[in-house]
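Subject: Structure handover

Hi there,

Here is the structure I promised to pass on to you. Please open it alongside this message.

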Amino acid sequence: MPGSELFDHLEIEAVADVLKRKVIHRYAYHEVREGNYRVDEFEAKVAELSGAKHCLAVSSGTAALYVPFKAMGICPGDEIITSSFTFIATVEAILECGAVPILGDVDESLNLSPESAEDLITEHTKAIMPVHMFGAAADMDAFRALGAKYGIPVVEDACQAMGGTYNGKALGTMGLWGSYSLDPNKLLTVGEGGLIVTDDDELYNRMEYYHDHGHIHSKILDRGAEGKACLGFNFRMSELQGALGLVQAAKMQQAISMTRKTKATILDAVKKTGLELRDLPDREGEIATQIVFLLPTPEKAVLFQKAAKEAGAGCSILSGNTWHYAKHWTTLREGAMYSRNRCPYDCPYVEDMPLYRPLEWERTEKILSRAVMFGLNIVMDDARVEKMITAIKAGAKAAL
Ligand SMILES: Cc1ncc(COP(=O)(O)O)c(C=O)c1O
């Protein structure tokens with residue numbers, strides 16, 4: 001799936017151009033950069049592509065979750081509801097604010113279940129954060145209705161789903177803010193980087209200040225003479241990544257068309273097997289970076305996996321996915337932090353810290369143990385596609 005599969009002379013030239021001009025800071029050096037601001041251009045391009053009013057580029061997808069939480073003022077004692085099936089960065093961004101991640105069950109879309117999220121709302125809930133896993137939308141109508149019912153902001157971890165849509169709207173643009181990751185595994189990559197999109201002027205300004213030590217940015221003043229709005233940190237993106245991002249953004253639709261075409265070819269070839277796909281609220285809008293089938297039972301998923309492997313293409317059973325399933329996160333359970341003040345674990349502001357016990361997410365376990373997943377690349381030759389088709393058919397024959 002990585003966007004680096006499409007790297008060619010355009011990325012090389014864009015990066016070389018920045019190197020030749022020797023200005024790699026996104027701010028400052030106004031007098032020598034001759035109007036070149038690649039990160040600014042990249043942000044404007046992503047705002048245009050997503051339809052968001054504002055876009056802020058930062059140093060990682062993790063930072064793209066943490067910065068907006070900080071700008072919202074999230075702090076110890078606050079609770080954020082998110083999914084038990086996500087990448088641990090989602091949860092770390094919350095913990096880093098001293099806040100409490102409340103992890104709900106998924107439904108058969110493999111995204112946070114709106115019903116589960118509603119059950120977890122308390123007086124401390126400050127945001128509900130569905131995660132658009134494997135490039136496909138969570139049920140955003142239901143989440144927006146939930147947010148409106150309780151007056152709680154909905155925010156989107158769209159780190160795995162840049163370019164995806166839900167009923168025609170870009171993922172990441174349906175809540176207060178949304179985040180994209182541009183890390184090396186993503187369909188649009190700049191090596192390391194992240195983006196936050198929002199329509200909220202005040203939030204955008206706060207994020208913009210906070211992500212660069214509070215600087216009130218100017219294109220005229222020397223950086224040292226700029227005013228400061230707040231205490232902040234450094235989550236800046238560099239011009240090298242900005243230049244790369246601009247080229248990659250122009251290729252995003254091409255990349256998505258390629259994964260969608262491959263997925264359609266495979267699904268068409270296996271349509272008579274009787275296999276069931278995960279249940280997506282908007283199948284057309286997904287970026288097709290994975291194929292997930294839900295088998296009738298966990299035992300059948302094991303049979304499927306074995307037969308598919310023997311036929312030449314491996315797949316994973318998602319309940320065993322240590323990257324993405326909270327059941328496996330020992331560090332979360334143990335509160336493995338270096339700081340002496342271990343908020344939110346031992347924290348005067350937190351009454352009920354969850355224990356995050358394995359098998360706490362019964363519904364999630366039931367679904368993930370039946371889910372088998374194949375990853376797709378952007379570039380896949382016919383032989384690889386054929387092998388995957390053969391493996392899926394073999395898996396289905398053994399399991400169904
Ligand atoms: C759901 C999710 N959230 C957040 C992140 C963090 O992004 P990054 O690796 O760019 O920090 C990722 C990265 O894979 C992710 O999958």
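This is a predicted model: local features need pLDDT of at least 70, side-chain atom pairs count only at pLDDT 80 or more; totals for chains, interfaces and linings use all residues.

Residues are numbered from 1 along each chain as its sequence is written, and side-chain values use heavy atoms, with hydrogens and water left out.

Let me start with the ligand. The shell around the ligand has 16 residues, and Gly61, Thr62, Ser181, Asp183 and Lys186 come nearest (a residue counts as near if one of its heavy atoms lies within 4 Å). By class, the shell holds five nonpolar, eight polar and three charged residues. Here Ala, Val, Leu, Ile, Met, Phe, Trp, Tyr, Cys and Pro count as nonpolar, Asp, Glu, Lys and Arg as charged, and the others, Gly among them, as polar.

- Asp183 places a polar side-chain atom 2.6 Å from a ligand oxygen.
- Ser181 has a polar side-chain atom 2.7 Å from a ligand oxygen.
- Gly61 uses a polar backbone atom, 2.7 Å from a ligand oxygen.

On its own the ligand has 390 Å² of accessible area, and the protein covers 92% of this (Shrake-Rupley method, 1.4 Å probe; for residues, only the protein chains shown count as cover).

Helices H3 (61–72) and H4 (88–95) each supply at least two residues of the shell, and H3 gives the most, with three. Helices are DSSP runs (H or I, at least four residues), as are strands (E, at least two), numbered from the N terminus.

The ligand takes up the space of the largest pocket (a molecule sits in a pocket or cavity if more than half of its atoms lie within 2 Å of its grid points). On a 1 Å grid over the protein atoms alone, a cavity is a set of points where a 1.4 Å probe fits but cannot get out, and a pocket is an open set with protein on both sides within 12 Å along at least five of seven lines; lining residues have an atom within 4 Å of a point.

The largest pocket has a volume of about 510 Å³ (the space filled by probe spheres set on grid points joined across faces, edges and corners). Of its 27 lining residues, Phe87, Gln160, Asp183, Lys186 and His324 lie nearest the centre. The lining has nine nonpolar, 14 polar and four charged residues.

There is one cavity of 30 Å³ or more.

Finally, the backbone. Cys343 and Pro344 are joined by a cis peptide bond, with omega about 10°. Lys22 has a positive phi, near 65°, and sits in the loop between H1 (9–21) and H2 (38–50).

Best wishes

How values were computed
A polar contact is a pair of N or O atoms within 3.5 Å; within protein, one must be able to donate a hydrogen and the other to accept it, and residues adjacent in sequence count only if both atoms are side-chain atoms.
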